[in-house]
Amino acid sequence: MTLVALPLLSATPAFAMHISEGILPFHWAAFWYLVLAPFVALGVRRLNAISREDLSLKPLVGLLAAVVFIISCMPIPVPTAGTCSHPCGTGVAAILVGPLVSVLIAAVSLLIQALFLAHGGLSTLGANTFSMGVVGSFAGWLAFRGARRLGGSLAVAGFVAGLLADWATYAATALILSLGIRGEASFTPLFVKVVLAFLPTQLPLGILEGVITAGMVTLLYRKRPDLLVKMRVITEKELPAHA
Amino acid sequence: MAMHHLKAHICDASHPVNRIDPRVKLLCALALLVMVISCRGVAFPLLVSVSSLALCRYIGTTWRLLALRFSEPLFIAATVLLLKMFFSGSDPLFSFGVAGYELAAYREGLKEGVLIASRILGGVSLLAVVGFSTPFTDLMAALSWLRVPQVLVDVALFAWRYLFLLLEEAQVVYNAQKNRLGYVGYRRSLSSFGTLAGVLVIKAFDNSQSITTAMVQRGYDGDMPMTLQRPLRLTEVASALLFILAMIALRSSV
């Protein structure tokens, strides 16, 4: 039966990048806000601390939030679903400014999308920021740092970061969605169905996001390696010869 | 599409609904949102949805913009409804065969699906009224008044201020890439998209430097001065309370 329903369900993630307003009942919406709160508090503390040292960091984080907003508004064709989906963009934000500040970037980007595009919502802002901001950012950042420590090039590390940030975001979204809409039904079968529904679009989209993140990081390395040094993504020793 | 959608949010400041203090609007909307998402029946969320849509039309929102705004939530509502109807419950309503499989719809699933769909419509309509009737900066000032961390509000204001600039730059780069066949073939499209995103990050870095220089010259010391909020008038507090109480009464009666 699941197989029969897959074509029907596979369209969901293609359009529903974020959990829509009203899907989560009040107690789950409040729960995810509570789970998110310490990460936002730490992000606020971190941004306050680093922006005291460099006044340009707060505007930079704002502009990066705008970039994440734009990236996540850009449709990418997904052949398996015959439709379009879009990347998250938090992987690259986490690489550049760290996972805690990236949580704030995701929160702001999602707030603007909720208020003006009806992507996500205010009641689901906690849940969406947790999946995209916390899970996506930390997955991307850890993957990038891990790949670099293992000797991976910037492109490989960027690819792994983008891929895992995207897949981790959707795994978290599937979990949140299944917990929120299950009602009296048991959790595991519904979770499996939601994950299966996400697979046709998110498997290729994760790879696409990995390629795009790798492209972005290598472009920055080629054109503006000084920015990567400033954001402590690479050390001065790793600067290209022409820089 | 996002650019057109965002640019359409120009509020007519003289309209009575748009003149309501954003703090009052936000508080009422948040209270209603809590009522909608904690509702166990479909009547109240649908009532909120219909009233909010009527209010959107009253403030001059076009049908086209409403259709754009509701296309995604409506699709999600329909999908959740179908998902719940066919995969949740035990009391069969009807069944049919698809490719050799028997697909059954369940009564309990239908009920739960309709409830979630009504909550989606209610919530989205509420946010539409707030979004269409309040400028972003006023909403941020209201959030600041509600004790949302100032640094978060500052970042949101920076993001909003430079969003349109970056969108225009993205459009220019995209058109240039497209004219040079940058989006012909899957591999080239990906490469072009990666370059476009990378260029935006570089632009963000460069703009943040020039913005900071310009702001420091005007006295910026790391804190964005928010508009001083006047205390809420007694009539505003009373009318907000009255509205919320009326909605609570309505919710428990339907």
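A salt bridge is a side-chain nitrogen of Lys or Arg within 4 Å of a carboxyl oxygen of Asp or Glu. By that rule, the count between chain A and chain B is 2 salt bridges. The model examined here is predicted.

One salt bridge joins the side chains of R224(A) and D206(B), with an N to O distance of 2.6 Å. Polar contacts also link the chains. Between chain A and chain B, 10 residue pairs are in polar contact, counting pairs with both residues at pLDDT 80 or more. Several elements of chain A contribute two or more residues each to the side that touches chain B. The helices among them are α1 (2–9), α2 (11–15), α3 (26–53), α4 (57–71), α6 (99–117), α9 (187–223) and α10 (225–230). The strand β1 (76–78) belongs to this group as well. The most comes from α4(A), which gives 13 residues. By class, this side of chain A holds 56 nonpolar, 11 polar and 8 charged residues.

The extent of the contact can be stated in two ways. In residues, chain A supplies 75 and chain B supplies 79. The size of an interface is also often given as the accessible area lost when the parts come together. For chain A and chain B, about 6900 Å² is buried between them. Carbon and sulfur atoms account for 82% of that area.

Chain A itself has 10 helices and 2 strands. Along the sequence, the order of elements in chain A is α-α-α-α-β-β-α-α-α-α-α-α. Chain A has 243 residues, and 63% of them are buried.

T173(A) sits in helix α8, which spans residues 154–181 of chain A. Its relative accessible area is 3%. T173(A) therefore counts as buried, because this value is under 20%. Two polar partners were found for its side chain. The side chain of S131(A) makes a polar contact of 3.4 Å with that of T173(A). The backbone oxygen of T169(A) lies 2.7 Å from a polar atom of the T173(A) side chain. Beyond its neighbours within four places in sequence, T173(A) is in contact with I19(A), S131(A) and F198(A).

Chain B was examined by domain. Domain 1 of chain B covers 1–134 + 233–253, and domain 2 covers 145–218. Contact between them involves 7 residues of domain 1 and 8 residues of domain 2. Together, the two domains of chain B bury about 710 Å², with 86% of it on carbon and sulfur atoms. Across this interface the rule finds 0 salt bridges. On the side of domain 1 that touches domain 2, α1 (2–7) and α3 (22–37) of chain B each supply at least two residues. The largest share comes from α3(B), with 4 residues. By class, that side of domain 1 has 5 nonpolar, no polar and 2 charged residues.

Notes. Residues are numbered from 1 along each chain as its sequence is written. Chains are lettered from A and ligands numbered from 1 in the order in which they are written. This is a predicted model: local features need pLDDT of at least 70, side-chain atom pairs count only at pLDDT 80 or more; totals for chains, interfaces and linings use all residues. Side-chain values use heavy atoms; hydrogens and water are left out. Buried means under 20% relative accessible area, exposed over 50%, partly exposed in between (1.4 Å probe, protein chains only). A polar contact is a pair of N or O atoms within 3.5 Å; within protein, one must be able to donate a hydrogen and the other to accept it, and residues adjacent in sequence count only if both atoms are side-chain atoms. Contact means heavy atoms within 4.5 Å. Domain bounds come from an automatic or database domain assignment. Buried area is the accessible area (1.4 Å probe) that two parts lose on being put together, summed over both. Ala, Val, Leu, Ile, Met, Phe, Trp, Tyr, Cys and Pro count as nonpolar, Asp, Glu, Lys and Arg as charged, and the others, Gly among them, as polar.
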